[in-house]
Amino acid sequence: MKKRTWRAFILAGLLPFTLLWACGREKAGGDIGRKAVDDAGNRVTVAFWSDQLTEHYGAYLRDCFPDVEFEFYVATNSTDFYRFKEEKGDLPDILTVRRFALSDVEPWRDSLMDLSDSELANAFHQSYLRSYTYEDGTVNWLPACAEIDSILINKTLLEANDIPVPMNYTEFVDTCGKLRELGIRPFLSNFDADYTCMEVLQGISASMLTSQAGRQWRQLYESGQTDELSEEVWMPVFERMEEFIDYTGLTGQDLEIGHLDVFGYYENNEAAMVRGTGEEAARYSEDRESVLMPFYGETAEDNWYLTYPAFQVAASARAEESPEREKLIKEILTAMLNEEGLLRITNGKNLVAYNKGVPPQIPKELANVQTAIDDNRLYIRLASADMFAVSRQVVQGMITGEYPDARSAFDAFNKALQESKETTDPVIAAHIDRDYAYAFQPEGGSEAASAVINSLREAMGTQLFVGQASNVAGNILAGDYTEEQLKFLTQGETTEILLCDMTGEQLYRYMEYVLTTPGRRGSVVNDSTLYVSGGFEMEVARKDKGYALERLTVGGEELDRNAVFSVAVLGSETLMQKEALEAAGVADYTKSGLSFKQIIVDRLASEGKQLTDPVDYITLR
């Protein structure tokens, strides 16, 4: 493959990640985007925390900024991923992540743009911006729209038993008692999951955590100035959790109930209340009236809805080195967080914004949320990596009786927080000998993506392999790696390896489908999301809208349309690849039990190999 080193890559202006520019009124947005691009470089890299953003959000960015050369890839949903990138000197322009807390990113916040004095930050309600503000006033991250996650109540079931929907904590406790007398589970959730344990613990005590003392403690914690719980703030939290376990009747057996099982109980009227989201409120209202209620306080005025942003976004401080570049990045951030950008995230429904001037899109199942929005009573969960892990340990321990009271739970939580901060020397699992640039080249493609795809083809033993470039998480740099860091080289949220036999003609039809089908998990939205081939080459033409396949070759010779090949395809089976194979006339395929992410880790760590050499796999005209 034509060599393009990481250093040349930097000099060419590749700046890692971007999000989105407001093109809501598309022509106007595109004009603004063009002006910004005229004043700055035109290559911006965007890392999406999930591959679900690529299909719509990536396409939106592309349309808003027709003259920007966007590089999209999918990152691992972890601030540890970005810490790894920062340590490698490879931090992107714009970063997105869902699982997030300021405390997790505080050690390297100087590498991020300070937005505290920007119009961007001023557009947010102060009550929400506090959760993103360090003690010295620095603001590096801003939240996209809210996912509502609180108590979903089967109102139809309650009314059938002459039980009103509770409006405060006392009524909720009373409702639980009446339901238990009827043999109906009052409340269930999947307490086998870390996020449920964390959200219920915080949700039922949101009024305490949002007190003046609670806000002060959180700011100290998020700023890295304490790693201990405040007894004043947190002892009441564990006391409330102890009560909650008692009056809802939770037991150790409930830890075995998974997410789908919880809603099975709900659908069968065996559980009246569950932890649910706005989307689930709509889904489970088709044959019953379901309402999403807040986590209850002592009075209705103390009720809070627990929320978490669809993602948080930040920008690399590197952009500040150029006024033109800084302007462009800020314009892109503005567009990501305005009404049009947020509507793209929510697909036009269930839109609840943290920033001002964006009207909510509230369905009837979320009618009660409007009051909380008006009063700014949307609690943003504290979601540090430690909080996820320690909440699971302690809440499960409270349910099983390992921690029989609030004091023992409080002490256990504090101890676990202290232990989580203890560091050990990293264990090096592998050394990568050379750099592989992610940047797409019209003559050849992406080095990094080709190296990964060819390594997968070798591991699967197939003649041909096809996957999307954006499944490779940006540049792959030479150096030592721990096993955890090797997992950061690829993303694996919804991707699977499907194995089948194809004729050359079927391969043509398959490639035509994935190149031209929009709005799916795996759709091509720009050059950086084109598919990568292993074992064959592609000639593709860029059209006014989209791409067209011109020719497939093997070793430069025309692919035999009548020959049969063993093929592996990488992608989401249910969200695109099954239909793509059907469109190609392939009905029979098997699913590999191997994770493509783990295949790469094992190759580099357990087997001690390097990545397979990249090749020139595409010509884009």
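By class, seven nonpolar, two polar and four charged residues make up the lining of the second largest cavity. Here Ala, Val, Leu, Ile, Met, Phe, Trp, Tyr, Cys and Pro count as nonpolar, Asp, Glu, Lys and Arg as charged, and the others, Gly among them, as polar.

This is a predicted model, in which local features need pLDDT of at least 70, side-chain atom pairs count only at pLDDT 80 or more, and totals for chains, interfaces and linings use all residues. Residues are numbered from 1 along each chain as its sequence is written, and side-chain values use heavy atoms, with hydrogens and water left out.

Stay at this site and select Phe-100, Tyr-132, Gln-312, Ile-380 and Arg-381, which lie nearest the centre among its 13 lining residues. A cavity is a set of points, on a 1 Å grid over the protein atoms alone, where a 1.4 Å probe fits but cannot get out; lining residues have an atom within 4 Å of a point. The volume of the second largest cavity is about 80 Å³, where volume means the space filled by probe spheres set on the points, with grid points joined across faces, edges and corners.

Next, select Asp-51, Gln-468, Asn-471, Arg-521 and Gly-522, the residues nearest the centre of the largest cavity, which has 18 in its lining. Its volume is about 120 Å³. The lining holds three nonpolar, 11 polar and four charged residues.

Finally, colour domain 1 (16-143 + 311-345) and domain 3 (430-620): both give residues to this lining, so the largest cavity lies between them. The domain bounds come from an automatic or database domain assignment.

How values were computed
1 Å grid on protein atoms, 1.4 Å probe; cavity = no way out; pocket = protein on both sides within 12 Å on 5 of 7 lines; lining within 4 Å.
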